Amino acid sequence: MMQNSIKYQIKKKLNRLNKQIQLNNNLPLSVIQYDETDIINCLDTLTRGWPTIGKEVQNVEKKIQKLLKTKNAIMLNSGGSANFLIFYLLTSVYAKKNHKLKPGDEVITPAVTWSTTVAPIIQNNLTPVLVDVNLSTYDINIELIEKSITKKTRAIMLVHPLGQVCEMERILNICRKYNLLLIEDNCESIGAKYKNKFSGTFGLFSSISMYQSHHISSVEGGLILTDNNYYADILRSMRANGWLREVTNEKIRKKFISENKNIDQSFMFPYIGFNLKPTDMAAALVLKQIDKLNSFISIRQKAAKNLISGLKKYNKFLILPQNINNIKNSWFTFPITVKPNNKFNKNELVDFLTKKKIANRPIIAGNIAEQPFLKKFKFKNSILKNSKLIMKSGFFIGLHHKLYKKNTNYILSVFNTFFKNKI
Ligand SMILES: Cc1ncc(COP(=O)(O)O)c(C=O)c1O
């Protein structure tokens, strides 16, 4: 009864929040993904006396493994932590000989991406090599990858941008040809597919973000995916202080115990660790959203389709996203780049959208080579012509699972008004 009444109160508040969007005149970048049941499940972990890492985290990991068809999913406190831990592991004493990265090794990554795609490369004493991206799909330019390879190149930190998946066959061929490790930053593209295989399941490791504004959300949260059981066991321990409790491989567990009989098992630390743990609160919040991921993506796909068909008449001025054969885009956002023209610039357009309450942001961090943090560190880059244009003239508007036809119609009407006044 009590729970029902709390649940009712929460539902009422959520309805109020959702109504703001249905009013048609206030379109945020994202909406909350959790419902009243998710919130009750989250709160319930507090009443069970163990809201930190525990059973709910395991449940999320199992569900993700099953959904994305991967052997191991390791939940962490963020996608950025996932990227950091992957590179820490690959440069550590635990890396296998054929995977081990050493200081100064070069890692190829796209120039248009998020800060914590690139920062972990630098933080682990490796050199990022920034490669230009394609317009309209915003994924890394594959010809330029090949041109950027040197004797020092050891890995590709791929990014599947904004729900789009890179052309995996060509990327995998390059990795085989030059013996490069493949890591996928899939923070923005959970649920996307290349030829029916999920993004984030091609490389040795991948990362996923479950941050507030993403497809599914634990407010803050991330995952590492890997089919490599040896590394998965170490990563589970490393995220949690390096303690024995998270070592799931029984043979390895027993070996540590028998070699360290004088140490209490509850506080034994076999690996060097960090505290990057997720909580059961966060896991309980996101658990049931995983079941809804496909339906969330379908609504995003429909919204993107409506926007593309309504905006294509402005092709002379706007670079729009497009559907690519063999790729299922999970539509994180709806990106647009304004073509150089003498009628208007990007700022005029985004100011107009903002005035009409259509939220917008730059395309990820734009050309990351121009971001101040990078200036203090060594990096290399290809010619970044498109990345510069995207930094100057690109923006995205929000896509989410509550963006219905009437909302996309409103967006289109605002664009129509803008263009009527400008051209
Ligand atoms: C491409 C990319 N990588 C990494 C991250 C970091 O994820 P988080 O915010 O969960 O740390 C993001 C965040 O949106 C991202 O877009």
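To describe how two helices pack, an axis is fitted as a line to the C-alpha atoms over the stretch in contact, and the angle between two axes runs from 0 to 180 degrees between their N-to-C directions. The model described here is a predicted one.

**Helices around α10**

Helix α2, which covers residues 36–47, packs with α10 at an angle of about 155°, and their axes are 7 Å apart. Because angles over 145 degrees count as roughly antiparallel, α2 is roughly antiparallel to α10. In passing α10, helix α2 makes a right-handed crossing. On the α2 side the residues that meet α10 are D38, N41, C42, D44, T45 and L46, while α10 brings D280, M281, A284, L285 and L287 to the contact. Sorted by class, this contact of α2 with α10 has six nonpolar, two polar and three charged residues.

Helix α10 (residues 280–287) also packs with helix α3 (residues 55–68), here at an angle of about 40° and with the axes 7 Å apart. That angle makes α3 oblique to α10. The crossing in which α3 passes α10 is left-handed. From α3, the residues K55, E56, V57, N59, V60 and K63 meet D280, A283, A284, V286 and L287 of α10. The classes in this contact of α3 with α10 are six nonpolar, one polar and four charged residues.

| Helix pair | Angle | Axis separation | Crossing |
|---|---|---|---|
| α2 and α10 | about 155° | 7 Å | right-handed |
| α3 and α10 | about 40° | 7 Å | left-handed |

**Around the ligand**

Which residues come nearest to the ligand? Of the 16 residues around the ligand, the nearest are S78, G79, G80, W114 and S209. By class, the residues of the shell around the ligand are five nonpolar, nine polar and two charged.

**Where the domains meet**

The chain is divided into domain 1, which spans 41–289, and domain 2, which spans 292–422. Between the C-alpha centres of domain 1 and domain 2 there is a distance of 27 Å. Across the boundary, 39 residues of domain 1 are in contact with 43 residues of domain 2. On the side of domain 1 that touches domain 2, at least two residues are supplied by each of α5, β3 (127–131), α6 (142–148) and β6 (193–194). Strand β3 gives the most to that side of domain 1, with five residues. Taken by class, the side of domain 1 that touches domain 2 has 20 nonpolar, 13 polar and six charged residues.

Note on methods
Residues numbered from 1 in each chain as written. Predicted model: local features only at pLDDT ≥ 70, side-chain atom pairs only at ≥ 80, totals over all residues. Helix = DSSP H or I, 4+ residues; strand = E, 2+ residues; numbered from the N terminus. Parallel < 35°, antiparallel > 145°, perpendicular 65-115°, else oblique. Left-handed = near helix turned anticlockwise from the far one by under 90°. Contact = placed C-beta atoms within 7 Å. Nonpolar A, V, L, I, M, F, W, Y, C, P; charged D, E, K, R; others polar. Near = placed C-beta within 6 Å. Domains from an automatic or database assignment.
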